[in-house]
Amino acid sequence: LMEGVQLTGATGWVPADKDLRSAQLSGADLSGSDLTGANLSSADLEGVNLSGGNLSSADLQNANLINATLTNVNLRDAKLEGARLPFYSGLMEGVQLTGATGWVPADKDLRKAKLRGANLSGCDLEGANLSGANLSNADLSDTNLQGTVLRGANLQGARGGRAATVNVAQASSL
């Protein structure tokens, strides 16, 4: 049990095999940690500070990331199926989700999600509801936005995005 542990800048705490399945790390400060390829499936990461960390290719399936700080975290090619993410807290600004799987909820309801500056390049957001979402300065290059609802979304400074049909009625800053 490592709840609330302070590991900022610590090295050598991650097992060599990076197997942290079902780890209890709620409230820990893991900012800047290199967890590339780590197995954090079913881990309790509630309220964990992962800002600036590298979790590329990590397995976060069914992990609890509610209230976790994911600001500027690299989640490139991560497995996020079943993970509970802090979409609405503003704790995912600048997150890198290129190639990540399973991060879009099954119902594709991302209304009011706070993804300012997020890298969503190449992501499949077809049919997602991003009404009222903050996607300002987000990278939407090669992102599938077909049928995506962006009503009231903030897209100021956002780049890219391909779509055949996008509902952008009342989207701001287009």
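D109 is buried, with a relative accessible area of 19%; buried means under 20% relative accessible area, exposed over 50% and partly exposed in between (1.4 Å probe, protein chains only). The side chain of D109 meets that of R111 in a salt bridge, with N and O 2.5 Å apart. The model is predicted: local features need pLDDT of at least 70 and side-chain atom pairs count only at pLDDT 80 or more, while totals for chains, interfaces and linings use all residues. Residues are numbered from 1 along each chain as its sequence is written, and side-chain values use heavy atoms, with hydrogens and water left out.**Overall composition**

- The secondary structure comes to zero helices and zero strands, where helices (H or I, at least four residues) and strands (E, at least two) are DSSP runs numbered from the N terminus.
- Of the 174 residues in the protein, 44% are buried.
- The protein exposes about 7,700 Å², of which carbon and sulfur atoms supply 44%; the area comes from the Shrake-Rupley method with a 1.4 Å probe, and for residues only the protein chains shown count as cover.
- Among contacts (heavy atoms within 4.5 Å) with a separation of 6 or more, 5% are between residues 24 or more positions apart.

**Nonpolar core and aromatic pair**

- The largest nonpolar core has 49 residues, and L97, W103 and L120 touch the most other members; such a core is a set of buried Ala, Val, Leu, Ile, Met, Phe, Trp, Tyr and Cys residues joined through side-chain atoms within 4.5 Å.
- In soluble globular proteins, nonpolar side chains tend to be buried together.
- Beyond its neighbours within four places in sequence, L97 is in contact with L75, L80, M92, W103, N119, L120 and C123.
- W103 also belongs to the one aromatic pair in the structure.
- The ring centres of F87 and W103 are 6.2 Å apart and the ring planes stand at 45°, so this pair is tilted; rings of Phe, Tyr and Trp (its six-membered ring) pair if their centres lie within 6.5 Å, with planes under 30 degrees apart counted as stacked, over 60 as edge-to-face and the rest as tilted.
- F87 and W103 are both buried.

**Buried polar residues**

- N144 counts as buried at 13% relative accessibility.
- The side chain of N144 makes a polar contact of 3.3 Å with the side chain of D124; such a contact is a pair of N or O atoms within 3.5 Å, where within protein one must be able to donate a hydrogen and the other to accept it, and residues adjacent in sequence count only if both atoms are side-chain atoms.
- A polar atom of the N144 side chain also lies 3.0 Å from the backbone nitrogen of Q146.
- T98 counts as buried at 10% relative accessibility, and its side chain makes a polar contact of 2.6 Å with the side chain of Q96.
- Residues up to four places away in sequence not counted, T98 touches R76, D77, N119 and S121.
- S56 is buried, with a relative accessible area of 12%, and a polar contact of 2.8 Å joins its side chain to that of N54.
- Leaving aside neighbours within four places in sequence, S56 is in contact with T36, G37, N74, L75 and R76.

**Salt bridges**

- The count comes to three salt bridges, each defined as a side-chain nitrogen of Lys or Arg within 4 Å of a carboxyl oxygen of Asp or Glu.
- Side chains of opposite charge can pair when their charged atoms come close.
- R21 forms a salt bridge with D19, with the closest N and O atoms 2.4 Å apart; D19 is partly exposed, with a relative accessible area of 28%.
- E93 and R116 meet through their side chains in a salt bridge of 2.6 Å, N to O.
- Both partners are partly exposed, E93 with a relative accessible area of 22% and R116 with one of 37%.
- R111, the partner of D109, is partly exposed, with a relative accessible area of 44%.

**Positive phi angles**

- K18, a residue other than glycine, has a positive phi near 55° and is partly exposed, with a relative accessible area of 22%.
- S57 has a positive phi of about 60° although it is not a glycine, and S57 is partly exposed, with a relative accessible area of 43%.
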